[in-house]
Amino acid sequence: MNKTIIAIAIVGVVLVGGYFLFRGSYQSTPVPQISNQQPTTQPSDLEPSVSEQPSQQPPTSQTPEVKENLVTYSNSGYSPSTLTIKKGETVTFKNQSSNSMWTASAKHPTHVVYSGTSLSEHCPDPDNTAFDTCTSIEPGDSWSFKFDISGTWKYHNHLNPADTGTIVVE
Ligand SMILES: [Cu+2]
């Protein structure tokens with residue numbers, strides 16, 4: 001037997017076999033199936049998304065419609081000299097002078113008229129209920145006081161008692 005012929009035959013068998021193997025595997029590849037699936041309808045497409053809540057409530061204003069009751073203190077004194085407010089409103093005394101300001105209820109030097117107590121009794125006043133700053137407010141700073149008692153309340157700068165003014169609380 002010629003070994004060369006045998007070798008060629010073996011190679012031929014391998015090649016032919018391999019060809020059919022390859023072809024067979026290629027043909028056995030699944031044919032893509034035609035999809036008959038209907039697109040599923042998402043409920044979220046038909047209804048408004050539940051997650052869309054109305055926007056959150058706007059932050060409630062802490063100071064609704066607060067009237068600015070401002071008294072400025074300059075080197076010529078308090079302005080306006082008389083200010084009328086409602087009971088429970090707050091007045092801000094702003095020091096725009098070049099000197100210290102110590103706004104306090106009449107009558108100098110005791111400051112007893114508004115609170116019924118004297119300066120030595122109600123100062124210091126951490127609750128800020130006596131109409132008395134009880135300290136010096138420097139130029140550029142301000143001091144606020146809430147009037148809870150109706151009446152006509154005269155006041156002055158304790159450090160310069162000639163400068164006076166009046167708050168009318170209705
Ligand atoms: Cu005084």
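Tutor: Four strands make up an open sheet with mixed pairing, in the order S3-S8-S7-S5, where strands are DSSP runs of E of at least two residues, numbered from the N terminus, and two strands pair if DSSP finds at least two bridges between them. At its edges lie strand S3 (82–85) and strand S5 (103–105), each of which pairs on one side only. On average, and with direction ignored, neighbouring strands of this sheet are turned by 30° against each other, the axes being lines fitted to C-alpha atoms and angles running from 0 to 180 degrees between N-to-C directions. The pairing of S3 with strand S8 (residues 160–169) is parallel and extends over four bridges; within S8, Thr 166 stands opposite Thr 82.

This is a predicted model, in which local features need pLDDT of at least 70 and side-chain atom pairs count only at pLDDT 80 or more, while totals for chains, interfaces and linings use all residues. Residues are numbered from 1 along each chain as its sequence is written, and side-chain values use heavy atoms, with hydrogens and water left out.

As for the whole chain, the protein has eight strands and three helices, helices being DSSP runs of H or I of at least four residues, and their pattern along the sequence reads α-α-β-β-β-β-β-α-β-β-β. Among contacts (heavy atoms within 4.5 Å) between residues at least 6 apart in sequence, 54% join residues at least 24 apart.
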